[in-house]
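Thanks, everyone. I have one chain to show you this morning. Please look at the sequence and the model first.

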Amino acid sequence: MAKARFTDEQIADFLQQAKSGVANNELCEKYGFSLSSLRRWEAQHASRVRQQLKQLEFIGSAVYAGGLLFAVILAVAVSKAAAAWTLPLFLLYCIGYIYRFRQLSARHIREADTSLCRWGPGACNAFYKFCWGCVGIVVLALGYIVVLQFQ
């Protein structure tokens with residue numbers, strides 16, 4: 001097998017420059033590689049990011065199912081009040097998941113396309129949307145409680 005002309009760090013730098021808006025032809029001419037090489041590197045990088053996002057969603061779903069099972073067992077074995085203490089932990093996990101998902105997806109998505117890629121027709125990470133829904137419900141519930149306190 002032939003020795004690679006560019007290191008992984010150099011390729012990552014090329015992809016970062018392409019993501020930040022430098023024209024592909026300009027990159028190819030400046031560093032001496034073909035447009036097809038750049039496309040191949042982008043495809044390889046995109047498939048790795050997609051694989052990491054799928055793995056993140058699988059782990060998130062497993063943690064959610066385990067937390068739900070733990071809450072049910074706690075409610076049956078101890079009390080419903082004890083099981084209610086798992087809700088803040090789950091909310092913190094949702095916020096952490098959203099943060100990790102955004103960090104991971106930002107490696108590949110251009111800045112101008114982030115909302116479209118995370119919420120648009122091609123977005124398929126259901127657990128990401130579920131976490132945002134849970135955060136929204138908690139915010140609405142807290143707002144309702146605050147309104148009731150001041151009436």
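A patch, as I use it, joins residues with over 30% relative accessible area and no salt bridge: like charges within 9 Å, nonpolar side chains (Val, Leu, Ile, Met, Phe, Trp, Tyr) within 5 Å. A salt bridge puts a side-chain nitrogen of Lys or Arg within 4 Å of a carboxyl oxygen of Asp or Glu. Accessible areas are Shrake-Rupley values with a 1.4 Å probe; for residues, only the protein chains shown count as cover.

This is a predicted model: local features need pLDDT of at least 70, side-chain atom pairs count only at pLDDT 80 or more, and totals for chains, interfaces and linings use all residues. Residues are numbered from 1 along each chain as its sequence is written, and side-chain values use heavy atoms, without hydrogens and water.

Now the fold. The chain has 7 helices and 0 strands. Helices are DSSP runs of H or I, at least four residues; strands are runs of E, at least two; numbering starts at the N terminus.

Which residues form the nonpolar surface patch? Leu 142, Tyr 144, Ile 145 and Leu 148, with about 420 Å² of accessible area together. Leu 142 sits in helix α7, residues 126–149.

Next, α5. Its buried residues (under 20% relative accessible area; exposed is over 50%, partly exposed in between; 1.4 Å probe, protein chains only) are Thr 86, Cys 94, Tyr 97, Ile 98, Phe 101, Leu 104 and Ser 105. Down the axis of α5, they fall within an arc of 140°, so they line one face. That arc takes directions from the helix axis to the C-beta atoms. The face turned away from the buried side carries exposed Leu 89, Leu 92 and Tyr 99.

Overall, buried residues are 28% of the chain's 151.
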